[in-house]
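User: I would like to learn how to read helices, ring pairs and surface patches in a model such as this one. Could you take me through them one at a time?

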Amino acid sequence: METATFLVQANNNNQQTIACSITDQLLKNLPVSVIFCYKKGIDNNLLIDSLKEVLSNFPLFAGTLININQILHIDCNNQGVHFSITKENGTLDQIIKELPTIQKKRLINTINPKKVISDQSPILTIKLTNFACGGMILGVCWHHSIGDMHTFMYLMKAWSNTLNKKEYVLPLIVKERDNYLQENLEKNSNIMPGVRYLNTRELFKLFSYFLLSARNKLSLQFYFSQNELNNMKKEFLERNQKKLSVNDVLCSHVFSIISDLDSYNTKRTLAILVDYRVRTNLPQNLLGNFISSIKILTDQNINCFQLATELRESVDNFQERHMDIFSTQEYIEKNGGIKKIDKFLKTSIDPINRTLLISNWTKLGVYDIIFENSKPFYFTPFGDYPFPWLSSVCEGFSNDGLLYSVILPSKLAKKLMQENNIQRIHKYRDQSEVMPTLVEQLEWLF
C-alpha cells in the first residue's frame, strides 16, 4: 500500500486571526471524523486543485490554532490542509463489510486536538483512499473548535461546486465570534447555563472515569427505512395528536429503549444538539460552532410518546427557553472566567450520569457532495471517540432512510444487540419490506 502525504494550501490567502467563542473553546479537546464512500473514484489532481481554490474562501481550515492572552484563536496563516492519497489492493465492498473492526487510521488521518494546538499542526486532515475496484473513500477529520458539522458541510459543498464549476454562496467569517453573537442575538429569559464548573473532586472523578470505564465501549449503527419511519411517526401522531418531526419520534423511541435496558435506577437525561442558526435567524453561511442543546430530564420508566411531545415543544421554543449563550457566558465569568475554561464541561456531555447526546446531521446535504458524476452512496461518522453516550442521526445509504449511530458501554451495547431487543428497535418495520442491498449484506448493521 503506497501513501503520498503533503500539505494543500489555498491559492490565495486572506491573512486574518479569528477569536474563538466560548463554545469553540469548550470543544477544544474534541476532533470530528467522517467518511464519504464513492463507487467511482475521481482524478486526484482535480480534487486537489479544486480544494486549493476553495480554501481561498475558507482560510480557517488551512490555518492553525494558537492561544493569545489565554483565548484560543484561529490563525489563518495558510499553513495548509494535511492531505494524503493511498491505494488499497482490496475492494471498497470488502472495507465496508469490515468497517467496525478496522483501525480508524486506515481511512482517516486522525488528529490529537491538544497536540494540534501545542504543535501548531494542521486543523483539517483529508485522506483519499483509492481501491482496486475503482471506488474511493474520502476520510476527513477536523478540530471541533474550527466549527460544527454545518460549518464543515459548507466547506464540502463549496469544494464539490468548485470542482463541478458551479457557483456557491461565500461563507461569512467573523473575527470575534462572541462579540458577533452579543451584537446579533436578543437576550432571552433562560438563566440555566450550558456548562457546569468542575471542582477538584469532580475533576478527579471524571479523570478516573476516562481512565477506568470510558474505554469499555462499543459502536452500533441502526438503519431505519423511510417506510419504517413513516409507521413510527403515524403511531406517535395518533397517540399525541400533535405535530411531530421524524427526529422527535426517532430520538424518543431509541432513548426509551436504551434507558429501559440500562440498569440505572435514577432519573435520566436526553440531550439533543441544536444548530441554532435557523432558530435565531443567524445567517446560514456563518462559520463556527453555533450549537447548543436541549436537555430533557426523565424518569427511568419513560413514556416515549410524552417525551416526543416535550422534545417538540422544546425545539419550537428554543430561542426563549433553551438558548444558553448569555447564561453560559455569565456563569463562566462568575466562576473564574476564560482562564479556567478547562474546568468547565458542557452539561450535555455527562457520560458518568449516562446522559445520551444525540446530534442531528440530517438535511445537511451529505449526499450532495458530488465530484463530477461520482456521488456518495454511504456517509457515516467514523471517529474513535473517547467516551460512550454519544450518538448521531444522518441519512441512510444513497440518501434513503436514516442511520442512527451510537456509542454505548459494552455491556449495554451487547444487551441491545440481542435479537429480542433488535425487534423492539424495529417494531415499526414491515417484515415483508425489501431492504437496500447493503442493509442485507452488512452483518454489523442492525
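User: In which helix is Phe207 found?

Analyst: This is a predicted model, in which local features need pLDDT of at least 70 and side-chain atom pairs count only at pLDDT 80 or more, while totals for chains, interfaces and linings use all residues. Residues are numbered from 1 along each chain as its sequence is written, and side-chain values use heavy atoms, with hydrogens and water left out. Helices are DSSP runs of H or I with at least four residues, strands are runs of E with at least two, and both are numbered from the N terminus. Phe207 is found in helix α7, residues 200–212.

User: Is Phe207 buried or exposed?

Analyst: Buried means under 20% relative accessible area, exposed over 50%, and partly exposed in between, with a 1.4 Å probe and protein chains only. Phe207, at 54% relative accessibility, counts as exposed.

User: How should I read the length and the setting of helix α5?

Analyst: The expected span of a helix is 1.5 Å times one less than its number of residues. Helix α5 (residues 149–163) has 15 residues and reaches 21 Å from its first C-alpha to its last, close to the expected 21 Å. Of its 15 residues, 13 are buried, so α5 is largely enclosed by the rest of the structure. Lys165, which follows α5, has a positive phi, near 60°.

User: How many aromatic pairs does a search of the whole structure find?

Analyst: A pair of aromatic rings is described by the distance of the centres and the angle of the planes. Rings of Phe, Tyr and Trp (its six-membered ring) pair if their centres lie within 6.5 Å; planes under 30 degrees apart count as stacked, over 60 as edge-to-face, and the rest as tilted. The search finds 18 aromatic pairs. In one of them, the rings of Phe36 and Phe152 have centres 6.4 Å apart and planes at 40°, so the pair is tilted. This pair links distant parts of the chain, with Phe36 in strand β3 (residues 31–38) and Phe152 in helix α5, 116 residues apart. Phe36 counts as buried at 0% relative accessibility, and Phe152 likewise counts as buried at 0%. Tyr38 and Phe371 also form a tilted pair, at 6.0 Å centre to centre and 45° between the planes.

User: Which residues do ring pairs link into a cluster?

Analyst: The cluster is made up of Phe36, Trp142, Phe152, Trp361 and Phe379.
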